[in-house]
Amino acid sequence: MSPLSPGNKNESRPTYWRSLDELVDDPEFRQQLEHEFPEGASQAPDGVGRRQFITVMGASVALASLTGCRRPVEYIVPYVRQPEEVVPGRALNYASTMPLGEDAFGVLVRSNEGRPTKIEGNENHPSTRAYDLPGQNKRPEPRGGASSLMLASVLDLYDPDRNPLVRLDEEDRPAQPPHGEEWDRLAELITGADLGSGAGLAVLSEGFSSPTIERLAKRFGARFPEARWVTYDAISNENVYKGTEAVFGRPLRPVYSFDRASTVLALDYDLVLGESNNVRHAADFAKGRHVEDKHEDEKSVNRLYAVEGMYTLTGGIADHRLRLRSSQIGAFTATIANRLGIKADGAGDFDRRFVDSVVADLQTAATQNRALVVAGRRQPAVVHALVTAINEKLTTADSLVSAPRTVDYVAVEDTRTSSSEDLTALVADMDSGDIKSLIIIGGDPAYNTPGDLDFVGALQRLPFSMCLADRFNETAAHVKHFLQRSHYLESWGDARAYDGTLSLIQPLIEPLYKSRTTAEFLNIVSTGKDVADYDLVRQTWNDLIGAVDENAWRRIVHDGVHAGSAYKPAPAKLVTRRLETFLANNPVARPATGMELTLTVSNSIYDGRYANNGWLQELPDPVTKVTWDNVAAISPATAHKLGIKRKGQKVRVTAGKHSIELPALELPGHADDEVTVALGYGQGGGRVSQQVGRNAYTLRSSQSDTVGEVSVTLVEGTHLLATTQDHQSMEGRPLLRENSLVDYKKSARHHELLPAMHEMDENLQLYGSHSYASGYQWGMAIDLNLCNGCNACTIACQSENNIPVVGKVQTEKGREMSWIRIDRYFRGDTDSPQMRHQPVPCQHCENAPCEQVCPVAATVHDAQGLNVMVYNRCIGTRYCANNCPYKVRRFNFFNFTKGKPEVHKMLQNPEVTVRSRGVMEKCSFCIQRINHAKIDAKLGDRRVRDGEVMTACQQACPVGAIVFGDINSDREWNPTDTRVMHVRGSDRNYKMLQELNARPRASYLGKISNPSATLAPAVAASNDQGHEGH
Amino acid sequence: MSAHTETSEPPLITGTQSFHTVSQRISEVTEARIQGTPKLWWVLMVISLLALANLGASIAYLFWEGIGIWGVQNPVGWGWAIVNFVFWVGIGHAGTLISAILFLLRQRWRTSINRFAEAMTIFAVICAGLFPGIHVGRPWVAWWMVPYPNQMGIWPNFRSPLLWDMFAVGTYFTVSLLFWYTGMIPDLATMRDRAKNKIRKISLGVFALGFRGSGKQWQNYEKTYLILAGISTPLVLSVHSVVSFDFAVSLVPGWHTTIFPPYFVAGAIFSGFAMVMTLAIVARTVYKMEDFITLKHLENMNKIILLTGSMVGYAYGCEFFISWYSGNDYERFAFINRATGDYAWAYWTMISCNVIFPQIFWFRKMRRSILVMFVISIIVNIGMWFERFVIIVTTLANDFMPSAWDYFTPTFFDISILVGSFGLFLTLFLLFLRFLPMVAIAEIKGVLPQADPHFYEEKH
């Protein structure tokens, strides 16, 4: 059986890029086979004779060997008429928008000779505006930040599984017929299905927020007036809308301004990953977090309280964290509400000092309208209703204050939100036969509908079913007609950002395979006419913004957004009686007794739509550091109770009729008696997603997002878990240093960071050193106070520097290739420790330990202070990696790029060498970008401007934790401090392992936490001793 | 030699030997026909060849796929290949020590064992030299380590201990080979003179370099041998010191220690003697050489094993003390981690094999028991392999950055290449036993009672 076929249950053979291409033939060869012979020749027809068989096989073998001995004929075609603006060798950037459910993120896409190769955040887009530390006297240029999902979405464009020709059936033959043909027959298919006016027809669409799709959905409604439109997303803000509806009488979307909040209470809410508008939220939070060294009042630093079960990144950056099971959040919210004067039943008994501190801080902040409470979207509607009421209460507490609010409520337009009730009703009607035809737009309902709905069974019974999907996913496998949807980088389209700003999607490339956009699809279905996506969008926008002239339109296309089109805050008034009625009908649920299951969105692959993305699968979860798997995360105490002794021991989680077996992972700081499982794994259909993790959607219920009580039992066997960090404690070493704000300010003369560090005489040198006093001297500063560990830098680097995916087995062996990794440490006791993150790129030591030991001088220093790798010279002794105290060097143990799918070659950054087997590699401070800037400067007869060179990690970072630039302090060269010099001038600046006298060019700014005076000062207490926590 | 010394010191060679019987006993081994080769030799040879074939296949696969087939990873960039390298270089110490240092110290008991100890050195260094060549990521360009003038003006990095290492081992091999060959010239001449067929006569004649045994030739020969011994002596100390620089010059806690050079040399002599012991016992059993390799020789070697083993034990203790005394937290952690961390099993294997077991040689009876010394010699070699494993792997697995710590697990190919290197070593050694004089004929004659100019006078 093929390793690709969904039926393959061979667990001992995990699927990943490299081994797959050893197992499966080169797709090019298959394609060639297809074209060379008449249809069916490549597979033996029934009853084939021996002679015929041998003929065909012989030809195949001959052909196969031909590809080996003959150089393929290649044509190079020059531009006969060069397109405007295209200069070969010079990349162009285009603004576009990445839609993700109801969200839309602004992107800037780099195009190298027509190939989209790299994604950045769009600084003009409200959802991706990054925060940056101010420099001396001036603010930095606006910059776009990005999330790992945005950055990795470019890999999805080149997903070889999107190619219908190389999709294989169970017997390893190309799937027949190639599904691209369906597009040509779509109008016929719809006519042939005899859908009438839509009776018995339903559309199951993913959630969206797009004027054009909404317009065409309405036209669809006009064409099929009796058809039903159901919207379903596995992860959605449904509960949030229900909560605001309970308070305001209509569903409104809360738009948060974290930068204005001085006290934030996050209830099961991860502002960094997993919730809507996360990039902007993280940036805004960082703005409120930023610590100036000397003059500033400590009140200007915000304070974050997190209440959650599973450790999230928000828990990591929180000043205080209370671990509660997901089902206890309701009771906790009710407790806070009661304390603030909102009547709600179901309050519980929680850590009194914590509650007191939260309430006091919220009330203080409320006097200036600077308090904010947020709740995660998997919490039930009642929690959101209470949170909305609390925020209203805190905002209107003092009517004299006219400061801007921390949360605005807006009425959304052009948006359809998931409704679980509608889905349940749809499945029931599909079962009963009321619905006979189903058109599925986007999503993967066959995979991600709750386990208590037999969606697949109902789907298979339908006489007519059709789906429009991004790739051949599980849904596609169960419908009669599959149509491939274009990637957003191949599409014209539009979207509304979280705050309502109109955003434009423009294509970077013609569709690689035969595919159309959702708008085109809906248009064909409703009108039978095939209209280009551009025309559909243009038509919508003529209605939206009026007929604008071509220049104004081009401005919008150029910027990616239509400025000033955000939603206006809707008049929202808290009606107490309505809320009370709602609370009476929807009481706060009692916390579950016994073991509880919480299903979370994956920190790497979101709800599973990115499951076929190798970069994201190999991206370590920022909390658990697990790659290529979902795990059952439990607290150490619960692990002890279950009798778990080793990493990866399997447990069976049973909810109702369904159960899955998962490797257990002990996670310090996790709530007791709760097991947390990430969604999105265990998908069939993709060569990467295949056999990675287990599908936790089967445990989900259609009634609520929280599962409640489950049974968890230890079962036989251990699962191989590929974690990139096995040791959780810093062992008391001064690697990641920090202090609390109060203590830090107290030590006014000598601002102290802990753990303490030994100083070293820099003059102690065995060999003479270079002075590095002239010209550009590149340096980096990483502010640990701003970093939240979101992983965007790691993916940005992978994309920029052509870093290969090595697969689960190699990752487990410790051979991951990431050039910038994020270290995660726990401090304190195992029950409620603190979690800290530290990004570690190559430190570019001036006195580099790696350079002295290389026998062939393959790693050397250049005059700009960069530690450079000469791949061609490297013979691979790995001595440098052994001698690197920061362990940032990565070795090509195999030829990791050998098995790359052909189409991935289009993704490669042409300015970065693809490394071969047997050579060492590491972070280069994006030397290709430095050289680009220097060439530009030279052509312009000027110097490289401060901020002109951004490393990929820096450019992606939403919170501006990474600052890069020239650090030459020679006043003739740099009359004023560059931004990085200014940042490095901070008292918090230190160099990791300074006592080794390696003189790194990267430095860190210590983390400053802002704990409440009434709660235990967490930092000082536990800082001296690192704790053993694994 | 006067009468009273003769009574106080037992003869170095036992049995009734004349000059002729010495030539006869040693040369006949190399002159035997196929039928005359002992069965045990064939058995060992077949096993060795299988292991050697395994080495070839493993290396072929290694070159084809890349060193990822081993267990090496981040942060343990050096695994068994370098462990094996240091192990074999260590083995290669005893030969030259016996030949050169004991020669200069006039320890005449060395004559019985020096030849095959030297051969062992050569073969061990060949095995050792194999590993740095194959452990690099791109073995086809490993020669870039060699400084040669080229059009690009690129030279190797002379600051790198790996480069020093290459010179040190290369020099040691060259000198050891010359020393071994020079010492063999009179014996080759003896064998040439005894040869019956033409091919043998000519080939041995070529290698004997026309040695006829004239007084002038003996004088030149002795002088050359003495000079080579003088050159070799510092090399014995330098080669493993330089090997230890690979570690000592780095800044990794647990490697960065000044004790490494003497400690490595003591360890090398220790393991080298243990290996000579193993081979001597095998050789004297297979070829019935008990008269030439007597219990006295073996007992002397056991004394050296006891001495060097204790030196190594002292070094282990000293390392621990210094790591505490230095006040360096990383250093302290590295050593405590060795003894109590994930690899404690390897550490305690090393301590028991190298320090505890050899203490049995304090007892004369044990020093003279063939079985005991054979077992101990093997235990010592296991222990010394583990010493290198402990130094290399446990240190790298847990250095400065706790976030990068990982556990090294060897793969099938790690094991097969180690086994294969023994195959290479034993194949070469068995061929040596079969085709070259395993004991120095001329030197043995020199220590026979008959060699004493007054021998016949006293008899009468």
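Visitor: Which residues of α13(B) meet α11(B)?
Guide: This is a predicted model. On the α11(B) side, the contact uses B:G309, B:V312, B:G313 and B:Y316. Their counterparts in α13(B) are B:I351, B:N354 and B:V355.

Visitor: Are α11(B) and α13(B) parallel or oblique?
Guide: The axes of α11 (295-325) and α13 (344-356) of chain B come within 8 Å. They cross at roughly 140 degrees. Angles over 145 degrees would count as roughly antiparallel. The crossing angle therefore makes α11(B) and α13(B) oblique.

Visitor: How do the residues of that contact divide by class?
Guide: The contact of α11(B) with α13(B) has no charged residues. Its residues are four nonpolar and three polar.

Visitor: At what angle do α4(B) and α10(B) cross?
Guide: Helix α4 covers residues 80-91 of chain B, and helix α10 covers residues 260-286. Their axes come within 7 Å. The two helices count as roughly perpendicular. The crossing angle is roughly 70 degrees.

Visitor: Which residues of α4(B) make the contact with α10(B)?
Guide: α10(B) brings B:G267, B:A268, B:S271, B:G272 and B:M275. By class, the contact has four nonpolar, four polar and no charged residues. From α4(B) come B:V89, B:G90 and B:I91.

Visitor: Which element gives the largest share of the largest nonpolar core?
Guide: This core has 406 residues. A:L267, A:L386, A:A632, A:V653 and B:V276 touch the most other members. The largest share is 17 residues, and it comes from α10(B).

Visitor: What is B:V276 in contact with, leaving aside its neighbours within four places in sequence?
Guide: B:V276 is among the core residues that touch the most other members. Its contacts beyond those sequence neighbours are B:A94, B:I113, B:A117, B:M120 and B:M301.

Visitor: Which are the edge strands of the open five-stranded sheet in chain A?
Guide: The strand order is β6-β4-β14-β15-β16, with parallel pairing. An edge strand pairs on one side only. The edge strands are β6 (228-231) and β16 (481-484) of chain A.

Visitor: In β6(A), which residue is the bridge partner of A:L204?
Guide: Strand β4 (201-205) of chain A runs parallel to β6(A). Four bridges join them. The partner of A:L204 is A:V230.

Visitor: Which helix packs on this sheet?
Guide: The helix touches β14 (437-441), β15 (464-469) and β16 of chain A. Its direction makes about 140 degrees with that of β16(A). It is α5 (182-193) of chain A.

Visitor: Which element gives the most to the side of chain A that touches chain B?
Guide: In all, 41 residues of chain A are in contact with 35 residues of chain B. The chain A side divides into 20 nonpolar, 12 polar and nine charged residues. Elements giving two or more residues are α26 (849-853), α27 (879-883) and β35 (890-891). With four residues, the most comes from α27(A).

Visitor: Is A:H844 buried or exposed?
Guide: A:H844 is found in the loop between β32 (834-840) and α26 of chain A. Its phi is positive, near 50 degrees. It has 25 C-beta neighbours inside 10 Å, so A:H844 counts as buried.

Visitor: Is A:D941 buried or exposed?
Guide: A:D941 also has a phi near 50 degrees. It lies in the loop between α28 (927-939) and α29 (952-956) of chain A. Within 10 Å there are 6 other C-beta atoms, so A:D941 is exposed.

Terms used: Residues numbered from 1 in each chain as written. Chains lettered and ligands numbered in written order. Predicted model: local features only at pLDDT ≥ 70, side-chain atom pairs only at ≥ 80, totals over all residues. Contact = placed C-beta atoms within 7 Å. Nonpolar A, V, L, I, M, F, W, Y, C, P; charged D, E, K, R; others polar. Axes fitted to C-alpha atoms, helices over the stretch in contact; angles between N-to-C directions. Parallel < 35°, antiparallel > 145°, perpendicular 65-115°, else oblique. Core = buried A, V, L, I, M, F, W, Y, C linked by C-beta atoms within 7 Å. Buried ≥ 20, exposed ≤ 12 C-beta atoms within 10 Å, placed from the backbone. Pairing = 2+ DSSP bridges.
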